[in-house]
Amino acid sequence: MDKKEYLRSWAETYKNDLTNNIMPFWLNHGWDKENGGIYTCLNRDGSLMDTTKSVWFQGRWAFICSFAYNNVEKNQEWLDAAKSTIDFIEKYCFDEDGHMYFEVTAEGKPLRKRRYVFSETFAAIAFAEYSLATGDKHYAERALQVFHDAQRFLSTLGFLPAKYEAGVEMQSHSIIMILINVGSRLRAVIDDLTLTQQIDESISLLRRYFMHPEFKALLETVGPKGEFIDTNAARTINPGHCIETAWFIMEEAKLRNWDKELLDTALTIFDWSWDWGWDKQYGGIINFCDCRNLPPQDYSQDMKFWWPQCETIIASLYAYLGTGDEEYLYRHQRISEWTYAHFPDQDYPEWYGYLHRDGTVAQPAKGNIFKGPFHVPRMMIKGYMLCQEILKTME
């Protein structure tokens, strides 16, 4: 393999796919220019199936538009779409108590709240990235305010409805990992000690409680002190989630001059999760495993969803950048070739989201409340950036 040519080729692929396929699809079919914001429930050809707006995706889309503007090209349409969506978020997506909705109508009427703060985390990174794109510090301050609100909601007993009955104590990997990325994105535009404190706390919790060497796995759910809970739900390994966590930590390691302890933690999680997730028969990363190798509870356990593949592409490039170990470049080759052979729609723009284990299409829609313009374009932006960074180290 000519490594330089390989990396140049993928960098060009990622940039071309982002600018000529993914972004135009969502700008043309998803962007609601009448009300502001983004529709995500789009059929294979881009036709609208449902006008319900995912509040998660208002923040995610505004972030992607700003992130692409900051790192790929200064496309004014992207920045206009980001501003349109941020305005929609501010006007319609916060309840009076500051807690954000999960779903609203096309016009912004509230439909549903959930017991999570993921709407807040994505709104925060959207405000931060838009601030970076425009230089408007108001949005950096707003990002920090929303971040602190999310921390307060999480720490205020009884503010967020409990998932289980009183006395059932568990903690989840998902919110801990996402706060690493939120802290990192906000720190790029505002200097606040609480951001690095949150990153350090999250990584510490993952090391102490969620990484279980006896299973060579990072678990999704553990007890309050990291106790292993021997139930179907708590034995779950989500390889894609774990791999996403791994690259969040690699990114932080890189910012700290490739801090060895952080990098070792990230690589351990990545290696464990690759071994659990990579499908040796068909290729691709599967959804769920059971850490005791019992049948997983989730019916989609061996399906191939779009986002774990995207996170694995990013993680493999970060790992190669951080180590120079060609195993990670080979890992990138395997996941990239499998992903690009199965997910892009050959007849219409954008990517499928849901494949069977063998790579055949399970359903052809391009979006819903949970799939939209986030993991795929973020992978292309980060992939483009990382390939360029690796090439610079080879000069």
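Student: Which residue in β11 is the bridge partner of lysine 304?
Tutor: Leucine 355. Keep in mind that this is a predicted model.
Student: How do β10 and β11 pair, and over how many bridges?
Tutor: They run antiparallel, with 2 bridges between β10 and β11, the strand at residues 354-355.
Student: What's the strand order in that sheet?
Tutor: β10-β11-β12. It is an open sheet of 3 strands with antiparallel pairing.
Student: Which strands stand at the edges?
Tutor: β10 (304-305) and β12 (361-363). Each has a single partner strand, so one side of each has no neighbour in the sheet.
Student: Switching to α10. How many residues does it have, and what does it span?
Tutor: Helix α10 covers residues 306-323, which is 18 residues. From first C-alpha to last it reaches 27 Å, close to the 26 Å expected.
Student: Is α10 mostly covered or mostly open?
Tutor: Mostly covered. Of its 18 residues, 16 are buried.
Student: What follows α10?
Tutor: Glycine 324, with a positive phi near 75°.
Student: New topic, the surface. Which residues form the nonpolar patch?
Tutor: Tyr164, Val168 and Met170. Together they have about 260 Å² of accessible area.
Student: Where is tyrosine 164 found?
Tutor: In the loop between α5 (137-155) and β4 (171-172).

Definitions and conventions:
Residues are numbered from 1 along each chain as its sequence is written. This is a predicted model: local features need pLDDT of at least 70, side-chain atom pairs count only at pLDDT 80 or more; totals for chains, interfaces and linings use all residues. Side-chain values use heavy atoms; hydrogens and water are left out. Helices (H or I, at least four residues) and strands (E, at least two) are DSSP runs, numbered from the N terminus. The expected span of a helix is 1.5 Å times one less than its number of residues. Buried means under 20% relative accessible area, exposed over 50%, partly exposed in between (1.4 Å probe, protein chains only). Patches are made of residues with over 30% relative accessible area and no salt bridge: like charges are joined within 9 Å, nonpolar side chains (Val, Leu, Ile, Met, Phe, Trp, Tyr) within 5 Å. Accessible areas come from the Shrake-Rupley method with a 1.4 Å probe; for residues, only the protein chains shown count as cover. A salt bridge is a side-chain nitrogen of Lys or Arg within 4 Å of a carboxyl oxygen of Asp or Glu. Two strands pair if DSSP finds at least two bridges between them.
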